[in-house]
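Try each task before reading its solution.

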Amino acid sequence: MLVRNGIKSLLEEEKDLDVIAEGSNGYDAIKIVEELNPDILIIDVRMPELNGIDAVQKIQEKGSSSKSIVLSMHDSEEYILQSIKAGAFGYLLKDTDKKEFIKAIHTVHSGEKYFSGDISNIIVSNLLQNSDTPKITKNTSSQADPFGLTKKEKQILKLILTGKTNSEISTILQNSKRTIETHRFNLMKKMNVKNLIELSAKASEFGLNS
């Protein structure tokens, strides 16, 4: 109850956000979505009667356009991956600050997925561990890098996939942080991805992660 009231107060401070309903369990969440079809549903993993992840899955199965952001105290890989599989558009830890919380809501509302930095690293790690390395033959070798990445962009891509920040990459490659940011922007544009998760998945698909 205290957490819910805190989130409600935080959101009500934002002029462009409206809190239209609140519930105390997973079944309440499903009912609210069915009746009011909110743009965003913020739901806790641990809820009575029906947990948040199962509620998100049931909401998705009903074909709702509402996008869910799951909140949790835990950065458990199991919870994170279950939430994604259920159809959640975001996963945030409860100690996330207000600025990131609001950013996540706007990002998800725009149709993109949002996971905080630590969560993204867990997801990327899982994707890399479970992906099959493409078999490159004479017929497919020319397609291994269809994006036309430069040598520098490939260097930066590999460092990004190991979890390095722009500042760390700047130090490793002895380039300015602004230069690294420019290269990073260009390679993501060439690969047509919007975030670290999409970047990792596409790099894995085309064998660019090794």
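**Exercise 1. Find which residues touch the most other members of the largest nonpolar core, and which elements supply this core.**

Solution. Start with the term: a nonpolar core is a set of buried Ala, Val, Leu, Ile, Met, Phe, Trp, Tyr and Cys residues joined through side-chain atoms within 4.5 Å, where buried means under 20% relative accessible area with a 1.4 Å probe, protein chains only. The largest such core has 20 residues, and Leu41, Ile43, Val56, Val70 and Tyr91 touch the most other members. Next, the elements (DSSP runs numbered from the N terminus: helices H or I of at least four residues, strands E of at least two): two or more residues each come from helix H2 (26–36), strand E1 (40–44), helix H3 (52–61), helix H4 (77–86) and strand E3 (90–93). H3 gives the largest share, four residues. Finally, a separate second core has 17 residues, among them Ile160, Leu161, Leu173 and Met188.

A word on the source: this is a predicted model, with pLDDT of at least 70 needed for local features and 80 or more for side-chain atom pairs, while totals for chains, interfaces and linings use all residues. Residues are numbered from 1 along each chain as its sequence is written, and side-chain values use heavy atoms, without hydrogens and water.

**Exercise 2. Describe the surroundings of Ser64.**

Solution. First place Ser64: the loop between H3 and strand E2 (67–72) holds it. Then list its contacts (heavy atoms within 4.5 Å): beyond neighbours within four places in sequence, Ser64 meets Val33, Asn37 and Ile59. Last, a polar atom of the Ser64 side chain lies 3.0 Å from the backbone nitrogen of Ser66.

Terms used
Buried means under 20% relative accessible area, exposed over 50%, partly exposed in between (1.4 Å probe, protein chains only). A polar contact is a pair of N or O atoms within 3.5 Å; within protein, one must be able to donate a hydrogen and the other to accept it, and residues adjacent in sequence count only if both atoms are side-chain atoms.
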